[in-house]
Structures are given as C-alpha cells and as structure tokens.
Amino acid sequence: GKIPMGQRLVIANYTTELEPTNAIYYHWSAYTNSALEELNGLRDAIVDYYENLDTEIKTEEDQKNHFNLACLSAISGITGRDEKSLKYIQSLNPDYTNEDANRNEGIISFTDEGVENLLFWSEGTVCIYWEFNEDRTPNFEKTTFDFNSLVFNEVEEELVDEGYYSRNQLNNMKRHGLNYDLEVLSFDDITELQDNLPSVWYDNKAQIFRCKIE
C-alpha cells in the first residue's frame with residue numbers, strides 16, 4: 001500500500017527515566033526533516049534560556065522548573081484546555097499568559113495527563129533523554145534522543161511493489177549501507193542527518209531498508 005503521511009509530532013522530554021517531564025506537540029512536523037528542524041530550534045531556545053539565566057539553580061525542584069521554563073520558551077505556549085499546566089507555569093511566572101498558544105508553533109504540557117493526551121495524538125514521537133551538568137544546566141553533549149519513529153522502517157517490499165526501486169537497485173544500496181544509530185543520536189548529529197540522510201537507505205545495524213517521511 002501507499003506509505004502513509006506523518007503529521008503530528010510530539011517531542012517527549014525525559015529528565016528522569018520514568019515519565020516524560022513534559023511533552024511538546026507540533027501539528028505539522030512529523031516529517032523527517034521538519035522534526036530535525038524542530039529539534040534544532042528546541043535546542044537553540046534552551047541554550048538561550050540558560051545563557052540568559054542569572055540565578056544559581058540550587059535544588060532538584062529548581063532544576064526541573066527551570067528546564068520546563070526553558071522548554072516553554074522554545075514554543076508558542078500552553079493550550080487553554082490544559083489548566084493545570086497553566087497554573088503550574090503561573091506559579092513560577094505570574095505574568096505568563098497563553099494567548100499566543102498555537103498548535104502549529106508548538107504547545108507544551110507539564111502534567112502526566114496532558115503529556116499522555118499529547119502522546120495519544122502523536123504520529124511521530126521523538127524521546128529526548130536529558131542529562132544535566134553539576135550546576136543543574138542541561139548537558140547538550142551527553143543528552144541523546146531516539147529518532148526511530150521519524151523514519152519508515154522495513155520498507156523493502158513497498159519500494160519494490162510500488163515500483164519505486166528494482167531489486168537490483170536495492171541490492172546496490174545494501175552494498176553501500178549506512179551506519180546511523182537512530183535510537184541514540186545527539187544534538188551534534190542533527191546537521192549531519194539534515195545534510196546527508198538520503199530518502200531511502202539500507203541500515204547496516206538494523207539490517208533493514210528505511211526511508212524518510214517526506
């Protein structure tokens with residue numbers, strides 16, 4: 001059958017192993033390249049947030065609150081239906097209003113229920129596993145993300161049946177397989193993937209054909 005279209009992207013941010021600390025929903029971004037762009041934008045905004053922070057982060061709770069505010073700074077806001085997330089952010093920043101919240105520009109939730117709801121609608125989820133430095137700021141070198149659901153996996157039969165490629169062409173790709181581990185990527189890998197990931201490739205590690213969601 002036709003390869004389906006992905007649209008709704010969710011980035012789930014883990015700062016501990018158990019549950020996501022927050023989740024961000026983008027209405028049109030569950031395509032391979034768009035998702036990489038959103039990840040880049042998220043990173044840049046979080047870097048900016050901490051560079052402009054002039055207070056010390058002393059406790060674990062402070063660490064979580066600042067991280068959540070940093071993520072909020074990256075996107076348009078909190079949806080009006082998510083009252084608990086709104087109250088939480090207003091407890092940290094009483095001036096916050098969510099009038100700019102727009103699902104195309106990213107909306108965020110900080111409650112278990114809200115996160116679950118966003119994940120329910122997701123057509124492509126990127127999980128980021130955040131590591132922190134001793135000063136409780138994010139460690140961008142050690143943080144990794146799982147990008148596996150932002151490509152189509154095991155697409156060999158479709159590619160042949162739909163007439164996109166012949167067996168010979170696929171066998172040729174196999175001989176020039178690629179070695180990206182999409183489950184453990186770092187922010188430093190984003191540019192490399194943006195520049196070099198082909199539409200279709202053979203993954204040596206997983207031993208399957210994969211293609212971009214475009």
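1. Five strands make an open, mixed sheet, ordered β3-β2-β1-β4-β5. At its edges stand β3 (107-109) and β5 (144-146); each has a single partner strand, so one side of each is left without a neighbour in the sheet. From one strand to the next, the twist averages 20°. Two strands count as paired if DSSP finds at least two bridges between them. Helices (H or I, at least four residues) and strands (E, at least two) are DSSP runs, numbered from the N terminus.

2. A word on the basis. The model is predicted: local features need pLDDT of at least 70, side-chain atom pairs count only at pLDDT 80 or more, and totals for chains, interfaces and linings use all residues. Residues are numbered from 1 along each chain as its sequence is written, and side-chain values use heavy atoms, with hydrogens and water left out.

3. Overall figures come next. The protein has seven helices and eight strands. Its C-alpha atoms fill a box of roughly 60 × 35 × 25 Å along the principal axes. Of its 214 residues, 47% count as buried (under 20% relative accessible area; exposed is over 50%, partly exposed in between; 1.4 Å probe, protein chains only). The accessible surface is about 11,700 Å², with 43% of it belonging to carbon and sulfur atoms; areas come from the Shrake-Rupley method with a 1.4 Å probe, and for residues only the protein chains shown count as cover.

4. Contacts means heavy atoms within 4.5 Å. Among contacts in the protein with a separation of 6 or more, 65% are between residues 24 or more positions apart.

5. Charges: the protein has 17 positive and 41 negative ones, and their mean positions are 5 Å apart. Lys and Arg count as positive, Asp and Glu as negative; His and the chain ends are not counted. Each charge is placed at NZ of Lys, CZ of Arg, CG of Asp or CD of Glu.

6. Strand β2 (residues 22-26) pairs with β3 in the antiparallel sense, over three bridges. Ala23 stands opposite Ser109 in β3. Helix α2 lies across β1 (9-14), β2 and β3, and runs at about 5° to β2. Axes are lines fitted to C-alpha atoms, for helices over the stretch in contact; angles run from 0 to 180 degrees between N-to-C directions.

7. His66 sits in that helix, α2 (residues 60-72). His66 counts as buried because its relative accessibility is 15%. Neighbours within four places in sequence aside, His66 contacts Tyr49, Tyr50, Leu53, Thr55 and Ile57.

8. Strand β7 and strand β8 (residues 208-212) run antiparallel, joined by four bridges. Asp203 has Ile208 in β8 as its bridge partner. In a regular strand the side chains alternate between the two faces of the sheet. In β7, Val200 and Tyr202 point one way, and Trp201 and Asp203 the other; all are buried.

9. Arg210 is in strand β8. Arg210 is buried because its relative accessible area is 5%. Residues up to four places away in sequence are not counted, yet Arg210 still touches Asn148, Val151, Phe152, Asn153, Val155, Leu182, Ser199, Val200, Trp201 and Asp203. Arg210 and Phe152 are 58 residues apart in sequence, but 5.5 Å apart in space, C-alpha to C-alpha.

10. Which residues deserve a look for phi? Most residues other than glycine have a negative phi. Gln207 is not a glycine, but has a positive phi of about 55°. Gln207 belongs to the hairpin of β7 and β8, which has four residues between the strands. Gln207 is exposed, with a relative accessible area of 58%.

11. Arg136 also has a positive phi, near 70°, and is a residue other than glycine. Arg136 lies in the loop between β4 (124-129) and β5. Arg136 is partly exposed, at 22% relative accessible area.
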